[in-house]
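This briefing is meant to be read beside the sequence and the coordinates. It begins with one residue and its surroundings, and then goes on to other topics.

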Amino acid sequence: VSPMKLSDPPGPDDPMPPMSTDGGSEEEFEEFWDYCSNPRWLSGGWAEYRAHPQVKIEAFWFHEETGRVAFERPEEASESVDAPTGDGLEELAGTGPPWGMPRQD
């Protein structure tokens, strides 16, 4: 995979990453699911993930706030940090019409 600048979105003519020759081993799938369910959080707001085993389970970094993706570890992602707390969403509040299931006779 060729390196991608942080500000460059992939284009339609960019090559796809090479596919795994074996489709992914059990260990690769376990590593993939571990990183999906528990990403490694790093300084600067970055999280480290793994690509799907069918595309060689390579590391990539995702900045949740900006949506940027990097295929080389960003310089500002230099230290491990605790995972952020909460989901960043506001709690739903308010009132609305009563809910019910219509009956069909």
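Setting aside neighbours up to four places away in sequence, Trp61 is in contact with Leu42, Trp46, Ala47, Glu48, Arg68, Val69, Ala70, Phe71, Glu72, Arg73 and Pro74. The model in which these contacts are found is a predicted one, and its protein has one helix and four strands, which follow one another from the N terminus in the order α-β-β-β-β.

- Trp61 belongs to strand S3, and because its relative accessible area is 8%, below the 20% cut-off, the residue counts as buried.
- The C-alpha atoms of Trp61 and Arg40 lie 9.4 Å apart in space, while the two residues are separated by 21 residues in sequence.
- Trp61 is one of the five residues of the largest nonpolar core, the others being Leu42, Trp46, Ala70 and Ala77.
- Leu42, another member of that core, has contacts beyond four places in sequence with Glu48, Trp61, Arg73, Ala77, Glu79, Ser80 and Val81.
- Ala77 is located in the segment that comes after strand S4 (68-70), and with a relative accessible area of 0% this residue is buried.
- Once neighbours within four places in sequence are left aside, Ala77 is in contact with Leu42, Ser43 and Trp46; its C-alpha atom is also separated by 8.6 Å from that of Trp41, a residue 36 positions away along the chain.

- Glu48 sits in strand S2 (residues 46-50) and, with a relative accessible area of 11%, is buried.
- A polar contact of 2.7 Å joins the side chain of Glu48 to the side chain of Arg50.
- Not counting residues up to four places away in sequence, Glu48 touches Tyr35, Pro39, Arg40, Leu42, Ala59, Phe60 and Trp61.
- Ser43 is placed in the loop between strand S1 (40-42) and S2, and at 15% relative accessibility this residue, too, counts as buried.
- The side chain of Ser43 reaches the backbone nitrogen of Ser78 at 3.0 Å, and Ser78 is also among the residues that Ser43 touches beyond four places in sequence, together with Glu76, Ala77, Glu79 and Val81.

**Aromatic pairs**

- The structure contains two aromatic pairs; in the pair of Phe32 and Trp33, the ring centres are 5.0 Å apart and the planes stand at 65°, so the arrangement is edge-to-face.
- The other pair, Tyr49 and Phe60, is stacked, with 5.7 Å from centre to centre and 20° between the planes.
- Phe32 is buried, with a relative accessible area of 10%, whereas Trp33 is exposed, with a relative accessible area of 54%.

**The protein as a whole**

- The protein has 105 residues, of which 20% count as buried.
- The protein exposes about 8500 Å², and carbon and sulfur atoms supply 52% of that area.
- Among the contacts in the protein with a separation of 6 or more, 42% are accounted for by residues 24 or more positions apart.

**Confidence in the model**

- The average pLDDT of the protein is 80, and 81% of the residues score at least 70.
- Where among the elements is confidence lowest, and where is it highest? The lowest mean, 88, belongs to helix H1 (residues 26-37), and the highest, 93, belongs to S2.
- Over residues 1-7 the pLDDT stays under 50, and for this stretch the model has twelve contacts beyond four places in sequence.

Conventions. Residues numbered from 1 in each chain as written. Heavy atoms only, no water. Helix = DSSP H or I, 4+ residues; strand = E, 2+ residues; numbered from the N terminus. Buried < 20%, exposed > 50% of the residue type's maximum accessible area, 1.4 Å probe, protein only. Contact = heavy atoms within 4.5 Å. Areas by Shrake-Rupley, 256 points an atom, 1.4 Å probe, with all protein chains shown as cover. Polar contact = N/O pair within 3.5 Å; in protein donor to acceptor, adjacent residues only side chain to side chain. pLDDT = per-residue confidence, 0-100. Core = buried A, V, L, I, M, F, W, Y, C linked by side-chain atoms within 4.5 Å. Phe/Tyr/Trp six-rings, centres within 6.5 Å; stacked < 30°, edge-to-face > 60°.
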